[in-house]
Amino acid sequence: MEKIIDENKQGESLILQAKSENSRKLYIESYGCQMNFSDSEIVASILEKEGFNTTQNLEDADLVLVNTCSIREKAEQTVRKRLEKYNAVKKINPGMKIGVLGCMAERLKSKFLEEEKMVDMVVGPDAYKDLPNLLTEVDEGRNAVNVILSKDETYGDISPVRLESNGVTAFVSITRGCDNMCTFCVVPFTRGRERSRDPQSIVAEINELWEKGFKEVTLLGQNVDSYLWYGGGLKKDFDKASDMQKATAVNFSQLLELCAMAQPKMRFRFSTSNPQDMTLDVIETMAKYDNICNYIHLPVQSGSNKILKAMNRQHTRQEYFELIESIRKIIPDCAISQDMITGFPTETEEDHQLTLSLMEYVKYDFGFMFAYSERPGTLAERKLEDDVPIDVKKRRLSEIIQLQLEHSLYRTKQHVGKIEEVLIEKPSKKSDAHWSGRNSQNTVVVFPKEDYKVGEFVMVKINDCTSATLIGEAVGYSENN
Ligand code: SAH
Ligand code: F3S
């Protein structure tokens with residue numbers, strides 16, 4: 001994903017297309033986190049076997065699926081607007097069926113059918129393998145719902161259809177669900193309990209991607225550092241595993257090492273790290289392998305211990321600083337990014353100042369910042385009053401965004417004058433004469449194309465920067481090619 005400082009991290013959309021010779025046409029749109037985009041590739045793979053070919057034209061579709069996000073109210077509003085649009089098209093094309101997937105499907109369940117009358121099918125994040133059966137129901141004129149959350153579904157056996165791919169970078173999911181129960185967050189309710197995917201299937205998918213010419217993989221999970229494979233089943237049931245299962249269990253740093261060793265010329269990233277679960281062995285494994293990128297997305301949400309506690313984040317401001325210090329000691333040039341929430345219930349001006357001072361201390365390379373949005377069913381919604389006025393939330397949000405912009409510029413300036421390895425991903429959006437890629441730290445680098453090609457590792461001399469982009473010129477191929 002391109003680096004952005006934007007409160008719409010979970011609100012982006014992408015129309016996806018795959019190629020095959022099938023007859024029925026699927027239009028699939030995804031909103032929200034990277035996991036949703038990755039899930040849509042799994043859905044496209046399941047439906048390809050059912051004879052569906054994807055289309056970018058809504059008007060041509062036999063089946064319209066929208067993979068939804070519930071993280072903030074705004075994300076849900078966006079989806080509702082899209083559903084209205086699909087229904088307008090359905091009036092012209094009555095044979096068209098509409099299905100809602102993902103977190104909103106899980107949160108609202110059959111309410112979608114009862115209250116909204118806007119969809120034919122509601123499918124939660126763990127039920128995609130049931131899509132063929134659900135489609136039969138829909139084809140026979142009945143509405144279909146499956147929102148059952150699973151103990152062991154990881155879709156490890158499904159080879160995703162790569163949609164809208166640049167052919168260079170891909171996401172590989174390694175865990176599903178989350179057990180952390182941050183009090184503001186709807187994810188544990190919509191994506192269920194945490195479970196990990198078989199490392200063999202992860203490595204097999206990575207090898208397959210390498211064979212197809214991919215050069216970079218991002219390992220995905222809500223909380224990757226908590227990855228633990230012991231033969232299948234929920235993370236919380238690990239205690240009940242046999243001694244043999246415990247002795248042969250694979251944790252995140254071991255998985256990272258397996259991946260780095262399986263494809264030494266492939267680059268690896270991972271997202272997201274939760275501070276309370278990130279361990280030193282992960283940082284040491286990153287340092288040990290050149291092909292693991294020096295970048296950690298380490299959301300903190302707030303700089304105030306009082307707010308961190310109310311959010312059920314299991315670490316203090318001091319412990320977070322210690323983790324930052326360890327990262328900087330072991331990997332001095334590691335980029336670090338944040339997620340931040342302003343206006344969580346009871347947040348005072350003093351708490352807000354603590355967030356700003358934490359940012360001042362870390363000087364993040366970039367970040368994703370949001371105003372608190374109360375989500376139904378979360379502990380915060382049930383126990384705490386959403387008492388920070390919207391204008392105060394917004395003012396605090398603009399202050400942290402402003403400070404982040406200053407820090408991003410401070411960080412990008414550190415790259416100027418250096419020669420850095422960049423993986424070319426695509427033409428620059430602003431100029432067709434330039435390539436756009438990223439360095440190890442995940443910063444976007446643009447430079448004149450010359451004879452270089454997409455998918456090549458190139459050494460680029462950085463001459464200039466903005467707060468979001470490095471501008472340079474290639475000085476030759478990296479030895480990694
Ligand atoms: N661990 C996850 C977090 C998913 S939510 C991951 O893989 O990134 C992404 C970010 O959205 C969170 O870090 C948090 O900053 C923000 N967020 C979550 N719930 C929110 C809410 N109710 N209001 C505002 N922002 C929220
Ligand atoms: Fe949400 Fe906290 Fe998990 S932000 S996804 S409950 S780590």
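Strand β20 (residues 444-448) runs parallel to strand β22 (residues 469-477), and the two pair over 3 bridges. On its other pairing, β22 meets strand β21 (residues 457-465) in the antiparallel sense over 7 bridges. The model is predicted.

**Strand pairing**
- V444 has T469 as its bridge partner in β22.
- M459 is bridged to G476 in β22.
- β21 and β22 make a hairpin, with 3 residues between them.

- E216 lies in strand β11, which spans residues 216-220.
- Is E216 buried or exposed? E216 has a relative accessibility of 1%, so this residue counts as buried.
- The cut-off for buried is under 20% relative accessible area.
- The side chain of E216 makes a polar contact of 2.9 Å with the side chain of R269.
- A polar contact of 3.1 Å links the side chains of E216 and R438.
- Leaving out residues up to four places away in sequence, E216 touches V168, T169, A170, M266, R267, R269, L423 and R438.

**Cysteines**
- How many disulfides does the structure hold? The count is 0.
- A disulfide is a covalent bond between the sulfur atoms of two cysteines.
- The cut-off for a disulfide is a sulfur pair within 2.5 Å.
- For C259, the closest cysteine sulfur is that of C293, 13 Å away, so the distance is too far for a bond.
- C259 has a relative accessible area of 0%, and is therefore buried.
- C465 is in no disulfide either; the nearest cysteine sulfur belongs to C334 and is 19 Å away.
- C465 is also buried, because its relative accessible area is 15%.

**L163**
- Where does L163 sit? L163 is in the loop between β7 (144-146) and β8 (169-173).
- Although in a loop, L163 is buried, with a relative accessible area of 4%.
- L163 and S45 are 118 residues apart along the chain, and their C-alpha atoms are separated by 9.8 Å.

Conventions:
Residues are numbered from 1 along each chain as its sequence is written. Chains are lettered from A and ligands numbered from 1 in the order in which they are written. This is a predicted model: local features need pLDDT of at least 70, side-chain atom pairs count only at pLDDT 80 or more; totals for chains, interfaces and linings use all residues. Side-chain values use heavy atoms; hydrogens and water are left out. Helices (H or I, at least four residues) and strands (E, at least two) are DSSP runs, numbered from the N terminus. Buried means under 20% relative accessible area, exposed over 50%, partly exposed in between (1.4 Å probe, protein chains only). A polar contact is a pair of N or O atoms within 3.5 Å; within protein, one must be able to donate a hydrogen and the other to accept it, and residues adjacent in sequence count only if both atoms are side-chain atoms. Contact means heavy atoms within 4.5 Å. Two strands pair if DSSP finds at least two bridges between them.
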